Amino acid sequence: MTEATANTQDVILDIKNLKVNFYTYEGVVKALDGIDLSIYKGESFGLVGETGCGKSVTVRSVMRLIEEPGKIVEGEIFYKGNDVLKLKEKEIRKLRGAKMTMIFQDPMTFLNPVIQIGEQVSEMFLIHQKIQKDILDNKKKLSKYLKEKVVEIFDLVKLPDAAELFKRYPHELSGGMRQRVLIAMSIAADPDIIIADEATTALDVTIQAQILNLLNKLKKDLGRTLIFVTHNLGIVAEMCDRVAVLYGGQIAEVAETKALFVDPIHPYTQGLLRSIPLLHKPKDLLDSIDGVVPNLVNPPSGCRFHPRCPLKEDICAQERPKLVKVLPEHWVHCHVKQREYEGKV
Amino acid sequence: MVSDTEYLGEEIHEDVFSFRVSLKARWKEIRYAISLLRKSPLFIIGFIVIVFLLALAIFAPIIASYGPREFDIRIMNEPPFTTDERTTLKWTGYSSLSGDFDLDPDLKARTWVADFTNNSLDDFMVGTASTDTSEASLLFFENRGATEEKLNWELRDDYFDMPIPEGVTRVVPTAGDLDGDNDTDVIIGGDDGHLYVSLNKGTPATPAWTAFSILNNSAGQMFNFTGQASPSLIDFDSGEEKTYDNGSHLLDLIVTSDIDANTGRYQIYTYMNRGNRTHYSFGVLTYNWAGKPVPYGPKNVTGKILEINPTTATTGSLRIYFAFINNDQRPDMILMFDSGKYEYYTASSVVKDPQFLPLDKSEASVLFEFPALPEEPFLDFRWTDFTGDNASDLIIFANNGSVIYNFQYYEVDGRFHLLGTDEQGGDIWSRICWALRTDFFLAVWIVSVAAVVGTIIGGLAGYFGGWVDNLMMRITDIFFAFPGLILAMSIAAALGPNLFNLSIAMIIVWWSGYARIARGQVISEKNRLYVEAARSIGMGDMRILFRHILPNSIYPLLVAATLDLGGVVLTAAGLSFIGFGAQPGDAELGIMISSGRQYFLSAPWLVFFPGIFIFLIVLAFNLVGDGVRDVMDPKLRR
Amino acid sequence: MKLREYIFKRLILLIPVLFGVSIVTFILSDSVGDPVAAYIGTALDKTPPERIEQLRVQLGLDKPILDRFWIYLTRLLQGDWGRSPTLQNQPVLEIIADRFPASAELAVYSMILAIAIGVPLGIISAIKKDKMADQVSRITALSGVSMPIFWLGLMVQIILFNFNVFMDGANLPFNIPYHERLTLNKYVVPRTILFGNFGATGFLLIDSLLNFDIPLFFDVFLHIFAPSFCLSWVQMAIITRMTRMAMLETMKKDFILLARSKGLTERVIIYRHALRNAIIPTLTVAGLALAGLMTGAVLTETVFDWPGLGWWAVESVSVLDTAAIQGFVIITALIYVLSNLAVDILYAVVDPRIRFD
């Protein structure tokens with residue numbers, strides 16, 4: 001994606017040819033197969049796709065949070081010019097939480113059930129912020145300082161009774177509140193990149209909207225880069241400046257949100273958009289993409305979408321397409337469409 | 001599946017058909033699990049060890065050079081050996097000794113052996129009754145030692161020359177050190193029903209006998225029996241350290257009498273010696289066997305009445321011989337009737353409070369070998385070590401004056417002892433092979449019965465819920481409130497300690513665990529769609545439970561059972577160790593350790609090898625169980 | 001619900017359980033042994049029938065079963081638990097009071113040892129999963145679980161015996177003993193200064209210190225060393241396995257991933273975030289195991305002639321001494337239920353999610 005770097009905007013995160021395998025008993029799951037992505041500073045970027053297409057794996061790779069039995073086998077991830085994958089464990093720890101944070105999907109399970117919320121949040125200040133020595137040495141002062149900080153950040157994410165919440169345990173909070181705690185934690189150390197990994201999926205629709213608004217506001221106020229991982233196209237349309245569509249561990253299409261929704265190019269994206277029920281155009285049967293999600297232990301050869309693709313040609317099964325810029329700020333991963341749009345840029 | 005249901009126009013949830021589908025899926029899962037197990041080294045080690053031990057158990061008859069109960073007949077326990085080549089005892093055939101004794105064919109001999117001369121060779125005291133004269137005599141034969149498989153006896157008129165008390169026409173002698181001066185004194189029973197005593201006040205070599213005087217009991221009463229009194233002196237309550245009077249180590253008196261004409265029964269009287277080392281004092285009648293019930297006493301101590309087979313009990317007098325035939329260190333008893341018939345009895349409880357039972361020779365833990373006695377009227381025999389070679393010899397006095405003998409000799413066995421021999425002369429390696437059979441079988445039997453019972457009860461409780469469930473849970477609560485070992489111990493003790501009862505006790509303790517698992521499984525399974533589907537087509541509860549739900553809940557139970565096998569082996573061995581399972585002589589690893597404990601400081605291998613094998617079995621079962629759990633437990637699977 | 005109310009409620013629930021236990025023991029005694037025989041013990045044969053009949057009336061054996069159960073219950077509540085012929089016809093309650101401290105002392109020390117070794121070993125094993133350290137500690141733990149403890153005890157005795165023989169020439173001031181709680185002919189069970197003749201804590205190590213009796217302390221320490229070593233090895237194995245499994249499971253939890261994403265060091269993640277969650281199942285196991293040991297580690301006490309409840313249980317069960325068995329069973333059930341309660345309360349302290357309802 002050398003074209004992208006030439007863009008006037010600053011690239012804050014540049015993923016190149018990322019490959020991640022999971023070594024399970026059933027075989028090697030090739031979860032990511034050469035992901036190329038550039039994310040610009042200050043934008044909100046969406047990552048969409050079906051379950052199991054590798055969205056979460058991509059963002060977790062960015063923070064090097066891939067756990068056993070997964071392994072990053074190839075690729076480079078540049079954060080401000082440094083390859084994250086080549087950093088030492090100690091150095092990456094300084095990035096995590098401080099420069100990049102992640103808001104996880106399920107607020108029920110991602111908070112430690114036996115530690116008070118205030119304590120869990122204040123850990124962020126403790127490890128990522130320079131605290132004056134006299135405060136650090138004095139236990140009373142330190143806890144007072146931390147509490148102030150936590151209350152401050154709780155107010156920012158609009159958690160009510162912040163001071164009182166400090167001593168509470170996760171199970172005593174509602175789902176929305178817990179999600180706010182997670183968000184509070186993620187912005188506590190003032191990071192450059194906030195990754196929301198299905199951050200609203202587990203919530204009620206009304207709470208979802210509140211959280212999304214909150215995130216949007218935070219992004220605007222703080223001017224941070226936001227990466228949105230979701231399978232909900234509505235959220236993407238609402239929140240994101242640019243979108244990448246993933247399919248079976250490969251990127252199908254990258255475009256600005258509006259362009260993607262108005263004029264999708266990749267056949268998978270087209271199918272995906274058609275399958276959304278629309279209130280103003282009710283149909284008897286929703287359109288669906290035939291076939292099933294590929295088994296990533298033995299993925300289809302060539303383009304991984306080809307067994308389900310309506311435009312399938314012989315070359316699709318034989319050769320993997322490249323991610324090619326077909327329109328300004330619009331990349332597509334498809335032999336047929338690339339030919340169609342050739343020379344239009 | 002889809003094609004079958006297509007006509008409905010919609011896809012039916014697969015769960016509705018879950019029984020067959022899930023069985024198929026489970027079968028796939030099992031094959032998958034096996035393929036995973038193949039990659040786990042610890043599981044493979046465990047599996048190989050189990051196969052190896054199982055092979056030892058199965059091929060025990062081939063591998064083990066000795067049978068499960070093949071021991072030497074040793075009256076005295078000897079310290080065990082490691083490398084000693086084992087010897088077996090054999091009997092020679094009968095040969096005659098009539099020339100040495102030269103008894104009158106008219107005499108009826110009643111004998112007693114004791115080492116009168118203190119030269120470590122047993123001498124004979126023969127009491128006689130002549131059939132045609134009214135004169136009884138007491139003859140002393142000194143043992144001159146054995147040469148070339150021949151016993152030599154010499155009649156010494158000068159050694160014992162006390163006249164027989166008047167009126168006595170038939171003499172039954174017995175002898176032992178009564179006054180603690182380290183020489184042998186004589187008691188005779190006369191046909192007048194009295195006992196007479198003569199003490200040696202001299203030395204063993206130059207005796208000075210007191211005249212016969214009538215023997216009284218400690219209350220000062222004369223001993224008086226029906227017809228002929230046949231006394232035996234034996235230290236009856238020795239060997240038991242924990243008896244309540246601390247084991248007197250003094251000779252006690254046991255007297256048998258003629259058959260009672262009125263009741264038609266024999267009597268055996270026991271008089272415990274309540275004196276001290278220098279003074280004998282035979283107590284009043286303590287126990288009375290054979291014929292008459294103990295005057296009073298609650299029902300559960302009636303074992304003291306000995307049932308004598310009516311066909312053997314005919315007429316005349318009864319004589320009693322004590323020996324240690326099996327290896328339980330309790331006296332065994334041979335009853336000899338005037339008809340020439342004889343019966344064996346063995347003590348089945350502590351020495352102090354013995355309960356004699358007919359001895360089943362096939363169940364004696366010592367391989368019981370004893371040359372058959374000729375069944376002749378008025379036969380008398382003695383079974384002692386005459387030759388001083390630590391092997392018993394047998395001498396038989398027949399009523400025609402002939403004396404025949406039969407002695408034991410050692411034959412070197414020549415078979416190799418891989419792990420040494422135990423305190424009974426048994427080969428430890430062989431016994432371990434046989435014991436593995438017992439322990440494996442016990443473990444599988446206990447676990448499978450407990451699992452089946454638990455699954456059925458737990459399944460019913462889980463399926464029906466309500467009060468059935470409540471009741472069952474309370475019952476399992478009670479079982480969980482007791483420590484398993486203690487509960488099993490109590491049940492085994494109440495049923496009577498043996499291996500079968502042990503297994504029953506352990507099943508009673510173990511089932512509740514499976515019941516809980518089964519209940520949980522059934523509860524989680526019974527709300528599945530396929531159960532509802534089955535119910536909606538009118539399937540019966542039992543059919544749903546046993547054909548559909550239980551087969552789907554069986555896997556966690558199987559895992560639990562595999563994990564339990566090791567624990568069961570450990571517990572069974574432990575219970576046997578403290579005496580609630582296997583009995584002495586059984587080939588079982590726990591009892592091997594328990595009986596080896598007597599010598600374990602000087603002969604550690606007695607304890608070491610059986611223990612190592614228990615450890616191996618349990619370790620192997622645990623390795624296998626862990627492996628199975630790891631692949632079957634979705635929580636731990638990655 | 002408040003903690004106090006919860007405890008109260010649980011204590012009330014004790015009553016039906018203990019009632020059930022008393023029914024079981026009653027049935028046990030009624031069917032297994034002869035109460036008269038157990039009452040007068042060995043003198044049975046010498047007792048005239050009139051006296052036995054008198055005793056039957058006195059013990060209420062001529063009454064219907066429900067009446068008998070009622071009598072039995074009232075006697076239990078009055079503290080008349082019968083006498084145990086196994087131990088010179090001492091009252092059962094006295095025997096329990098006498099022997100329980102012996103079992104408890106052994107249990108507590110070996111449990112402390114087991115937890116002190118088992119928990120760290122389990123953590124190391126979980127952290128270094130599938131590495132050398134893990135394999136070693138797994139095999140150690142597995143061998144402990146698979147070890148027949150009576151055999152282990154005998155092996156330890158053999159080693160100590162040979163050590164004593166070997167050190168014979170060295171003129172050590174002591175031999176390492178492996179029987180009983182203390183050298184009986186040399187020392188007496190102390191009465192503490194604090195408690196006077198009303199009895200000591202019963203824990204000889206503590207009592208001897210309270211009495212400033214250093215030689216006795218040393219003697220008791222030597223005595224308790226071997227049995228508690230054997231016992232703690234087996235318990236340590238169980239605790240190690242439990243801790244390892246709980247740690248592994250916890251390390252797979254989502255909140256650990258979050259902790260990682262926060263940039264915490266592995267140390268902090270393990271000891272602050274994972275351990276507090278993983279310790280909960282370990283606590284249950286340890287608590288229940290301690291209860292089991294307190295009521296007598298039957299095999300260990302038998303092998304080491306330890307004058308505790310377990311050894312007495314074996315002795316009394318083998319001669320069907322009903323009074324003793326009843327007493328033992330009741331005390332066992334009581335300890336089990338109480339320790340269950342204690343574990344539950346401990347839970348509430350460690351795990352804030354538990355609410356008492």
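Reader: In β9(B), which residue is the bridge partner of G189(B)?
Author: This is a predicted model, in which local features need pLDDT of at least 70, side-chain atom pairs count only at pLDDT 80 or more, and totals for chains, interfaces and linings use all residues. Residues are numbered from 1 along each chain as written, chains are lettered from A and ligands numbered from 1 in written order, and side-chain values use heavy atoms, without hydrogens and water. Strands here are DSSP runs (E, at least two residues; helices are H or I, at least four), numbered from the N terminus. In β9(B), G189(B) has as its bridge partner L195(B).

Reader: How many bridges join β8 to β9 in chain B?
Author: Two strands pair if DSSP finds at least two bridges between them. Strands β8 (185–190) and β9 (195–198) of chain B run antiparallel. The number of bridges joining them is four.

Reader: Which are the edge strands of the open sheet in chain B?
Author: The sheet has four strands in the order β7-β8-β9-β10, with antiparallel pairing. An edge strand here pairs on one side only. That gives β7 (171–176) and β10 (213–214) of chain B.

Reader: Why is one side of β2 and of β5 in chain A left without a neighbour in the sheet?
Author: The open sheet runs β2-β1-β4-β5 in chain A, with antiparallel pairing. β2 (27–40) and β5 (82–83) stand at its edges, so each has a single partner strand.

Reader: What angle does helix α2 of chain A make with β1(A)?
Author: Helix α2 (55–62) packs on the sheet, touching β1 (11–24), β2 and β4 of chain A. Contact means heavy atoms within 4.5 Å. Axes are lines fitted to C-alpha atoms, for helices over the stretch in contact, with angles from 0 to 180 degrees between N-to-C directions. The angle is about 115°.

Reader: What is the volume of the second largest cavity?
Author: A cavity is a set of points on a 1 Å grid over the protein atoms alone where a 1.4 Å probe fits but cannot get out; lining residues have an atom within 4 Å of a point. Volume is the space filled by probe spheres set on the points, which are joined across faces, edges and corners. The value is about 80 Å³.

Conventions:
1 Å grid on protein atoms, 1.4 Å probe; cavity = no way out; pocket = protein on both sides within 12 Å on 5 of 7 lines; lining within 4 Å.
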